[in-house]
Amino acid sequence: MIIVTRPDATEAQIERIVSRIQSWGLKAEVSRGAMRVVIGVIGPEDKIREKPLGAFPGVESVTPVLKPYKLVAYEFRGMPSKVNIGNVTVGEKELVIMAGPCSVESEDQIASIAKAISKAGAKILRGGAFKPRTSPYSFQGLGKVGLQLLAEARKLTGMPIITEVMDTKDLELVAAYADCLQIGARNMQNFSLLREVGRTNLPVMLKRGMSATIKDLLMSAEYILSEGNFQVLLCERGIRTFETMTRNTLDLNAVPVLKSETHLPIVVDPTHGVGVKQFIPTMALAAVAAGADSIMIEVHNAPELAKSDGEQSLLPEEFKDLVPRIRAVADAVGRELC
Ligand code: PEP
Ligand code: MN
């Protein structure tokens, strides 16, 4: 249920609404806009429905969220959310670039890539230590050592790190190193994992499953928010279609659709979405034009030696050439590069 206050509602009236809601054993999520305050009421629906929420002084309207997703629905906050990853904020006017290798492979590899991308304009370092591979015989990631190497690269460059957690059993370990947890496409509907990351106080980037609808993605995000963690980013990373000329089909429709359906910031990953190096820069620009709040790009200093996704990784120089083009498109659509 959503309470919208009147423009002339006083701070005391707002506080009264919030404390009364809490005294009923419900939760209140307060979002402050320029004119109005939106208070999302969280708890069992039948319990909320029996409360006379419209009776509080200062209330303009009380509306139920009719969508199947409630906490992620745009109207629940009535304004876009911001997500803080270390010292970087995603969801503001500034577009944020996340970059790094698919997998962390060695100290030299991650340090050299991290330095190059940071200098070129990346603000968040990505790199997998636990890798979800299609084949059990492929490189599965360095695990804890990979996390330690990421932490060293963070120290070296000052960039916060995002890395995937694949299993609830690894969550404590990954959370001890990561500034943002990544839930991979293959785990988008691993509901026990979603609930567990929802109980942490770390930001979470949830990637869209390759066969998931936009609604499925939103319902999965709802699991995380329902545990109390509102620091969630949604990531479009391409879906499976009948097309075979690219690895996946980057569904840029998802960006404006998600922007109208949810308050959560949107990340686009053109690297996995396209999978063919040659076309990734163009789709990165298209993602910015479509309204993405952040883009994630895989970069490798020796792609021919990469243990995963070398064929879709940009060289640091190619990434460096792409950044000013991203800046130009960001400017054209009223954004700035962070
Ligand atoms: C990745 O980011 O390296 C990755 C494995 O992504 P996805 O889960 O989208 O396939
Ligand atoms: Mn990858």
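How far is an oxygen atom of ligand 1 from an N or O atom in the side chain of Lys-207? The distance is 2.9 Å, and the views below place this contact in its surroundings. The model is predicted, with local features requiring pLDDT of at least 70 and side-chain atom pairs pLDDT 80 or more, while totals for chains, interfaces and linings use all residues. Residues are numbered from 1 along each chain as its sequence is written, chains are lettered from A and ligands numbered from 1 in the order in which they are written, and side-chain values use heavy atoms, without hydrogens and water.

**View 1. Surroundings of ligand 1.** The residues around ligand 1 (a heavy atom within 4 Å) are Cys-102, Arg-126, Lys-131, Pro-132, Gln-182, Gly-184, Ala-185, Arg-186, Lys-207, Arg-237, His-272 and Glu-298. By class, this shell has six charged, three polar and three nonpolar residues; Ala, Val, Leu, Ile, Met, Phe, Trp, Tyr, Cys and Pro count as nonpolar, Asp, Glu, Lys and Arg as charged, and the others, Gly among them, as polar.

**View 2. Side-chain contacts and cover of ligand 1.** A polar side-chain atom of Lys-131 lies 3.0 Å from an oxygen atom of ligand 1. For Arg-237, the distance from an N or O atom of the side chain to a ligand 1 oxygen atom is 2.6 Å. Of the 290 Å² of accessible area that ligand 1 has on its own, the protein covers 97% (Shrake-Rupley method, 1.4 Å probe; for residues, only the protein chains shown count as cover).

**View 3. The manganese ion (ligand 2).** Cys-102 (SG), His-272 (NE2), Glu-298 (OE) and Asp-309 (OD) coordinate the ion at 2.1 to 2.3 Å. Donors are N, O and S atoms within 2.8 Å of the metal (3.2 Å for Na, K and Ca); water is not among the atoms, so sites may look incomplete. Along the chain, the donors follow the spacing C-x169-H-x25-E-x10-D. Distant parts of the chain are linked by Cys-102, in the loop between β7 (94-100) and α4 (107-120), and His-272, in helix α10 (residues 270-274), 170 residues apart. Helices (H or I, at least four residues) and strands (E, at least two) are DSSP runs, numbered from the N terminus. Cys-102 is buried at 3% relative accessibility, and His-272 is buried at 8%; buried means under 20% relative accessible area, exposed over 50%, and partly exposed in between (1.4 Å probe, protein chains only).

**View 4. Asp-309.** This residue lies in the loop between β14 (294-298) and α12. Asp-309 has a positive phi of about 55° although it is not a glycine. Most residues other than glycine have a negative phi. At 12% relative accessibility, Asp-309 is buried.

**View 5. Strands β2 and β3.** Strand β2 (residues 27-32) runs antiparallel to β3 (residues 37-42), joined by six bridges; two strands pair if DSSP finds at least two bridges between them. Lys-27 is opposite Ile-42 in β3. The hairpin between β2 and β3 passes through four residues.

**View 6. Strands β8 and β9.** Two bridges pair β8 (residues 124-126) with β9 in the parallel sense, and Leu-125 has Ile-161 as its bridge partner in β9. Strand β9 (residues 161-164) is covered on both faces, with Ile-161 and Thr-163 on one side and Ile-162 and Glu-164 on the other, all buried.

Notes: A polar contact is a pair of N or O atoms within 3.5 Å; within protein, one must be able to donate a hydrogen and the other to accept it, and residues adjacent in sequence count only if both atoms are side-chain atoms.
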